[in-house]
Each structure stands twice: as C-alpha cells, then as structure tokens.
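Hello,

Here is the structure I promised to pass on to you. Have a look at it first, and then read my notes below with the model open beside you.

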Amino acid sequence: MSSFDKARKWMWETIFTNKGLGLACAGVIALESILTPLIVKYVPYTEIDWKAYMQQVKMFREGSITHYDQIEGDTGPLVYPAAHVYSYTALYHLTNAGTDIELAQYIFTGIYLLTLTLILGIYCKTEAIPPYILPLLALSKRLHSIYVLRLFNDGIGMCIFYASLLALIYRRHLLSAVLFSLAVGVKMNVLLFLPAYALIYTLQSGLFGCLRLGINMLTIQVLLARPFLRTDSKAYVSRAFNLGRQFLFKWTVNWRFIREDIFFSKSFAWSLLGVHAVLLLSFALFKWLPRDGVTALEVIKHTLKYPSRRPTARLLNAKEISQIVFTCNLIGIICARSLHYQFYSWYAHQIPFLAYTTRYPLVFKIALCVAIEYAWNVFPSTDISSSVLLASNVLLLAGQAYS
C-alpha cells in the first residue's frame, strides 16, 4: 500500500470510524479552549440574573437569613434549591462579592469546558456517533451565551448531571445517585431525567436496589437543605421545588404560537402533564423495558416477584443508557409549558446523539440539529421559530421511537 493510500485510509478512519473519536474529541476541546475565551474577551457580557444571585447570596451569608421566602434579589425571590445557594456563595467569594464579572466568566468557561469534556466522554463510551458529528457540539451560539455571557445556574447543574450520567454508564450507581441529587440541588430541571434513572437502576440493580439509591438521593437533598428546613421547611420546599411556577408568556420559546390565555390556562397545563405521562409510559412499555426477547410485562412481573434481583440477565450498554436518559429528558422538554432561552442547556449537548441514532437520512439528521439551533437563536421568539422548535423536537422524539 502506497503512502498516499495509507494517508487516505487513515483520514477515512479518523473522520468516519470510531478509531478517530479520541482525536475528534481532542480537536473539539482544543477548538473550544480557544474560541470560548475569545467570546469572553470580545462579546459584551449581558446582565440578567448574576446580580440577583449575588444579592441573594449576600442576604444568606451576611444576614444569616435561612427563611427561604425572605431571600430576594432585583429580579425576584430565590426559587432554586440549596446547592444553588452554596454554588453561588463560592462564586461570591471568588469574584469579590460578584463584582469581578470577567473572572466569573472565566470560571464559567471552565465549567463549560468541563461539561463538554464529560459529554464527549459519554459519546466516546457509547461509540454510537462518528467523529465528524462531534464538531456540532461546539457550534452553538446560544449555548456559549448561556454559559459565559449570562452566567446562569443551568450550566452548573448540567455539568454535575453529566458527571452523574458518566458514572451511571460505568455502573457506579451510588456515585451516580449522589451526583444526580447534587445536580437537582442546583436546579430542579434535572428531575426530568429521574424516570429514566429509576428505570435503569431497576434494570441494573433490581427494585430494592433502585429504592436504596432513591433514599440516598433524598437523604442528600435533606442534608443540603438542612439549615433552611430547620427554619421553615414549608417555605423551602414551596420555593425551591415549586412545580406550579408560572413563567411570563413574553419569554417563552416553545409555545409562542398559541394564545396567551390558553398558555396560562389550567387545562393546557394538565394536558401537557397528561401527554408527558402517556409518552413516558409508552416509551417504557414499548421501547425501554422489552429487551432480548423478554416483554415489558415479563420484566415487570419478574421485578415485583424478585425485587432484590435485576429482572434481565444482560446489563444495559452505554448507548442504551444514553438513549433512555436523553429521550426521557426530551419528552419532558416537549411537554414543558414554558422554555426560556437558558433552558436550551438542558438538552443542547444531547441533540446530535438523539438525531444521529434515528433512522433518518444523514441530511435530515443534520437539518434537525440546525433547525433546533435556529429556533433557540431567534430573539424574541416568533410563531415561526416556536413552531419550528416544537416540530423539530417532536420529529427527534419520533425518530427515537422508531430507531
């Protein structure tokens, strides 16, 4: 074989086969290590919630206020769990009470790069995505904005979550449960992944094993919130885990095309909740539970009859775990009443995986990624952009249903 043929073979394997995953990951990290600091340097910072976070932390640290319903900032009351308070307390001290914005941006650059490294580790472990798809993870304008230009807490929560998922893939179940609970402690959107975790823990460790891990998660939540629970548990739970919280219609990204009165109606909220439940149940029964010739009903019967054993002989592989977890989250995103721009970080890194593991033609897979990115970059959202977003997310979910 000539040198030219060897070079061509090497290039083909590097771009199109799993042999090139390591090099592609290194390239993406190197690109982002250069690009993200340049964004910090040359793109203006936008103040949205950072100042309010610092005000809330100051009230907690200096005033020793542990009544959750008394902690507020310029943009409103504190509405995140206790680990959010601790995270931004650390940032408060590192950034001179929040005044050193540039340092905060570079800290979030590190969080962004760590998040990207973790998700690339997940992608490599699944071996489901070819190297040429990985650069899509570095091309999101909105994602860079969320992490390093707005300093939202979503990035911190998702970083911890991806560490949890990587631990789950490596079957470090207790570690994954601890990290999952810490991520929930930053922002409760991580609970969207919980049904998938419960199912995977049950399949991997049996029903009792799943319950033990769930108790560990709950214990961590109690320990994190202990100062606030001792003062006023009702105020803490109602603020930190307010499942009925309503967002302003003017900021919604996903339901702009419906009337405002419908958006705020209880019937719309209950309809979305019902669709969410039906989709989760359908995927569980017809997609996630049946495996290796064993039906979902047989898996359920075995689980209930032998709760200390795992119901199937074969453990889930990395690709199966990632598909269940990412699809579960996508269902929650589709059924969310309101998505704000920072919420894109909840699934942006998962989109290339979800798109590529469908049976759609390659051009259509990439088109879905582009369409979703487009919709999240239209500000303010329009009837067209929100329709494109919903249609693209639904097509992504349909592709997973028939993958």
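The lining of the second largest cavity has 7 nonpolar residues, 1 charged residue and no polar ones. Please keep in mind as you read that this is a predicted model. The residues in that lining are Ile133, Leu136, Pro352, Ala355, Tyr356, Lys365, Ile366 and Cys369. If you count by class, Lys365 is the charged one. Helix 15 (351-356) and helix 16 (362-377) each supply at least two residues of this lining, and the space inside comes to about 30 Å³.

How many cavities of 30 Å³ or more does a search of the whole structure find? There are 2. The largest cavity holds about 40 Å³ of space. Around it you will find Asn254, Trp255, Ile333, Ile334, Leu389, Leu390 and Asn393. Two elements give two or more residues to this lining, namely helix 14 (318-334) and helix 17 (383-401). Helix 17 gives the most, with 3 residues. By class, the lining of the largest cavity has 5 nonpolar and 2 polar residues, and no charged ones.

If you wonder how such spaces are found, here is the idea: rolling a probe the size of a water molecule over the atoms shows where empty space is left.

Next come the pockets, which are open. The largest pocket has a volume of about 1100 Å³. Its lining is made of 34 residues, and those nearest its centre are Met188, Asn242, Leu243, Gly244 and Arg337. Which helix gives the largest share of the lining of the largest pocket? That is helix 12, with 7 residues. Helix 12 (266-288) and helix 10 (226-240) each supply at least two residues. Sorted by class, the lining of the largest pocket has 21 nonpolar, 8 polar and 5 charged residues.

The second largest pocket contains about 730 Å³ of space. It is lined by 26 residues, with Ile48, Asp49, Phe152, His340 and Gln342 nearest its centre. Helix 3 (50-63), strand 2 (76-77) and helix 6 (141-149) are the elements that give two or more residues to this lining. Helix 6 gives the most, with 3 residues. The classes here are 14 nonpolar, 7 polar and 5 charged residues.

Helix 3 comes up again when you look at salt bridges. A search of the whole structure finds 6 of them. One of these joins Asp74 to Lys51, with the closest N and O atoms 3.7 Å apart. The pair links distant parts of the chain: Lys51 is in helix 3, while Asp74 is in the loop between strand 1 (72-73) and strand 2, 23 residues apart.

Now turn to the start of the chain. A nonpolar patch on the surface is formed by Trp10, Met11, Trp12, Ile15, Phe16 and Leu23, with about 660 Å² of accessible area together. Helix 1 (residues 3-16) gives the most to this patch, with 5 residues, and Trp10 is found in helix 1.

There is also a record to compare with the model. In an unreviewed entry, UniProt lists residues 21-40, 103-124, 155-170, 177-200, 206-229 and 268-289 under "transmembrane region". In the model, residues 21-40 are 100% helix and 0% strand, and the end C-alpha atoms of that span lie 28 Å apart. For residues 268-289 the span is 95% helix and 0% strand, with the end C-alpha atoms 30 Å apart.

Finally, here are some spots in the backbone to look up. Most residues other than glycine have a negative phi, and most peptide bonds are trans. Where does the model depart from this? Glu127 has a positive phi of about 55 degrees although it is not a glycine, and Glu127 is found in the loop between helix 5 (101-126) and helix 6. Asp292 also has a positive phi of about 55 degrees without being a glycine, and Asp292 lies in the loop between helix 12 and helix 13 (296-305). The peptide bond from Phe379 to Pro380 is cis, with omega near -10 degrees. Pro380 sits in the loop between helix 16 and helix 17.

Enjoy exploring, and write back with any questions!

Best wishes

Notes:
Residues are numbered from 1 along each chain as its sequence is written. This is a predicted model: local features need pLDDT of at least 70, side-chain atom pairs count only at pLDDT 80 or more; totals for chains, interfaces and linings use all residues. Side-chain values use heavy atoms; hydrogens and water are left out. UniProt positions are given in the numbering used here, feature names are shortened, and annotations may be inferred rather than shown by experiment. Helices (H or I, at least four residues) and strands (E, at least two) are DSSP runs, numbered from the N terminus. On a 1 Å grid over the protein atoms alone, a cavity is a set of points where a 1.4 Å probe fits but cannot get out, and a pocket is an open set with protein on both sides within 12 Å along at least five of seven lines; lining residues have an atom within 4 Å of a point. Grid points are joined across faces, edges and corners, and a volume is the space filled by probe spheres set on the points. Patches are made of residues with over 30% relative accessible area and no salt bridge: like charges are joined within 9 Å, nonpolar side chains (Val, Leu, Ile, Met, Phe, Trp, Tyr) within 5 Å. Accessible areas come from the Shrake-Rupley method with a 1.4 Å probe; for residues, only the protein chains shown count as cover. A salt bridge is a side-chain nitrogen of Lys or Arg within 4 Å of a carboxyl oxygen of Asp or Glu.
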